Number of protein chains: 2
Amino acid sequence: MSQRVGTQSVLLDPPPYLSATATVGGPMEGQGPLAGDMDRIYNRLLAGEKSFEAAELKMLEECCLLALGKGNLNVDEIDYFIAGDLLNQTISSGFSALKLSIPYLGVYGACSTLNLALSLGALLVAGGVAQHVMAATSSHNSSAERQYRYPTEYGFKRPPHAQWTVTGAGAGIISREGGGPKITAITTGKVVDLGVKDPLALGAAMAPAAASTLISHFQELERDPSYYDLILTGDLGQVGRQVYQEIMVREGYSLPRYHDCGTMIYNLERQPVDAGGSGCACIAVVALGHIYQRIRRGEFNRVLLVATGALHSPTTCLQGNSIPVIAHALALEN
Amino acid sequence: MSQRVGTQSVLLDPPPYLSATATVGGPMEGQGPLAGDMDRIYNRLLAGEKSFEAAELKMLEECCLLALGKGNLNVDEIDYFIAGDLLNQTISSGFSALKLSIPYLGVYGACSTLNLALSLGALLVAGGVAQHVMAATSSHNSSAERQYRYPTEYGFKRPPHAQWTVTGAGAGIISREGGGPKITAITTGKVVDLGVKDPLALGAAMAPAAASTLISHFQELERDPSYYDLILTGDLGQVGRQVYQEIMVREGYSLPRYHDCGTMIYNLERQPVDAGGSGCACIAVVALGHIYQRIRRGEFNRVLLVATGALHSPTTCLQGNSIPVIAHALALEN
């Protein structure tokens, strides 16, 4: 039986398997260094649809179907579909749930959504109420920019610490039996806020959440960073990654095997993405694609995913509030 | 150990207790017939704050603190805070989670959010990974109207089938041990869409989701409506309630002890709410206040809550999509 440890962590027993995953990417992602690990690349932002929102929905649906195919499962075998995304009213997820017709649990954790969905799925499978759960998320650069900032057609000048919302989707199937790495532990985040008010400085805003959750994870489970072959944050980008490392060093942790998905998904020297990738799909595409395949090949055996999210809205920023942030951690072990 | 039954239902074992609840309402709710069952009424829509969004946040936070007080619990004893609301990026919930500093699981199910949060909380408590979980939700008439339709100051003329978003909040504490009714079964909804495109006709849009989930509940658990003292839908209102009853009769079910929170929270003859109440807080205030107290007094012993939600956004409606809907059911038994 799964066991709560401390105030934020759970050791999963029996640990469920992340039995199959799929990822899709958009045009910029298709020109990045991890393109070869994506199951499908859409070379156009509209993906043949009439709106960016419809394109994001198409990518998420396609990704879910690809994950089912790779897991040799059909929709009737999935007990819950747990999903969320950045668009208002999490429409990509809700409309995907309509098409899939699987009992649907909608979640929202901004760019931490992947780990929120995977954590809940792992708890339900370990708890014996589900055989298979599909966790999924998506983001789209043009739909997100329009909603959170300005339509991309306006040609808004980005500051160098801004990040580039990833266009794509990721889906993972959590199974009671099967192959693949096990989800052995989760650490659920508390919301923190260190006073950052600039909605273009999300990496710096989210860094303290990643540090907070990671320190709880190490303390509660009595592990240190050397336990993991790889610690992977979601989308801190070049600026947030540095802030995060500074906090961790100040707190007495070294992080020798640490990477951030936001700095991996693009070629930061050649692609105009400023401080790196962000968005729900950033960690989803990197962790469920490139990293998952390397775990399956045995190149990594213990990976800690730390997905970070900023829980503001344009309204809260215009009203002068600072940005509350959260991070959820999840351990994958061979 | 909890047991999955059919494709959508779970029988909870050991069934957790809904050990304490609290509700707060706004000015219109304070003039309605259920005002006496609310823990606090705010006589002004701004509740002393500078924006409607800040007022909604204040109501939700206050409601969570009231529930903790009534349950004789402090925040450190709550293992998870599960919440969602109607505002973009579910800001009321995220900002409340910052103040409460409890590990936070953000959810989104539009007006079905209460049951989504209660269901997940019940699964986690029954699964042994939590002693106490707080589930909460809120809505505010003025913040919702501004976001989904027009600022209320514009004086938009409402059609008679429109519903009035409830201002208020509800919080419930789910506990492994303690008093109060038990959460014995849940039925998680699938998203359905019967083609309604009018975002002011949400009651009619949501009625098929309520029917779909309720029929699955009865079939999977081999129960019929007579099992319950009361079946309570969330916010179908006068129009949706009638559509729902017509569907159920056509499917061979009579519903002798059926009510809808949207028709209970206001005096429909005296208050200008058209077809009744709606919003996340509608079922939250009615079920966690008035109905919960009647269950505790033994006036009802078996109540089925059916919370319905519409998963559209203003963008999906403007782009010509119909409205996907969902309903989650949850059984409370003495």
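**Exercise 1. A helix pair in chain B**

Task: How do the axes of helix α6 and helix α7 of chain B cross, and which residues of α6(B) and α7(B) meet?

Solution. 
Step 1. Find the helices. In chain B, helix α6 covers residues 202–221 and helix α7 covers residues 237–250. The model is predicted.
Step 2. Look at the axes. They come within 8 Å and cross at roughly 35°.
Step 3. The crossing of α6(B) and α7(B) is right-handed.
Step 4. List the contacts. From α6(B) come B:G203, B:A204, B:M206, B:A207, B:P208, B:A210 and B:A211. They meet B:G237, B:V239, B:G240, B:R241, B:V243, B:Y244, B:I247 and B:M248 of α7(B).
Step 5. Sort the residues of this contact by class. There are 11 nonpolar, 3 polar and 1 charged.

**Exercise 2. Chain B against chain A**

Task: Describe the contact of chain B with chain A: how many residues does each chain give, and which element of chain B gives the largest share?

Solution. 
Step 1. Count. Chain B gives 51 residues and chain A gives 50 residues.
Step 2. Name the elements of chain B that each supply at least two residues. They are β5 (80–85), α3 (91–100), β6 (104–106), α4 (113–126) and α10 (314–318).
Step 3. α3(B) has the largest share, 5 residues.
Step 4. Sort by class. The side of chain B that touches chain A has 25 nonpolar, 21 polar and 5 charged residues.

**Exercise 3. The relation of the two chains**

Task: What rotation superposes chain B on chain A, and which residue of chain B comes closest to the rotation axis?

Solution. 
Step 1. Superpose. A rotation of 180° with 0.0 Å of shift along its axis places chain B on chain A, with RMSD 0.0 Å.
Step 2. Name the relation. It is therefore that of a two-fold axis.
Step 3. Find the residue. B:V107 comes closest of the residues of chain B, with its C-alpha at 1.9 Å from the axis.
Step 4. Compare surfaces. Both copies use the same surface: 98% of the contact residues of chain B recur in chain A.

**Exercise 4. Two domains in chain A**

Solution. 
Step 1. Domain 1 of chain A is 16–175, and domain 2 is 184–333.
Step 2. Take the centres over C-alpha atoms. 18 Å separate them.
Step 3. Count. Domain 1 of chain A gives 44 residues to the contact and domain 2 gives 49 residues.
Step 4. Turn to the side of domain 1 of chain A that touches domain 2. Its largest share, 7 residues, comes from α4(A).
Step 5. Sort that side by class. It has 20 nonpolar, 20 polar and 4 charged residues.

Definitions and conventions: Residues are numbered from 1 along each chain as its sequence is written. Chains are lettered from A and ligands numbered from 1 in the order in which they are written. This is a predicted model: local features need pLDDT of at least 70, side-chain atom pairs count only at pLDDT 80 or more; totals for chains, interfaces and linings use all residues. Axes are lines fitted to C-alpha atoms, for helices over the stretch in contact, and angles run from 0 to 180 degrees between N-to-C directions. Helices (H or I, at least four residues) and strands (E, at least two) are DSSP runs, numbered from the N terminus. A crossing is left-handed if the near helix is turned anticlockwise from the far one by less than a right angle, and right-handed if clockwise. Two residues are in contact if their C-beta atoms, placed from the backbone, lie within 7 Å. Ala, Val, Leu, Ile, Met, Phe, Trp, Tyr, Cys and Pro count as nonpolar, Asp, Glu, Lys and Arg as charged, and the others, Gly among them, as polar. Copies are superposed by least squares on the C-alpha atoms of residues with pLDDT of at least 70 in both. Domain bounds come from an automatic or database domain assignment.
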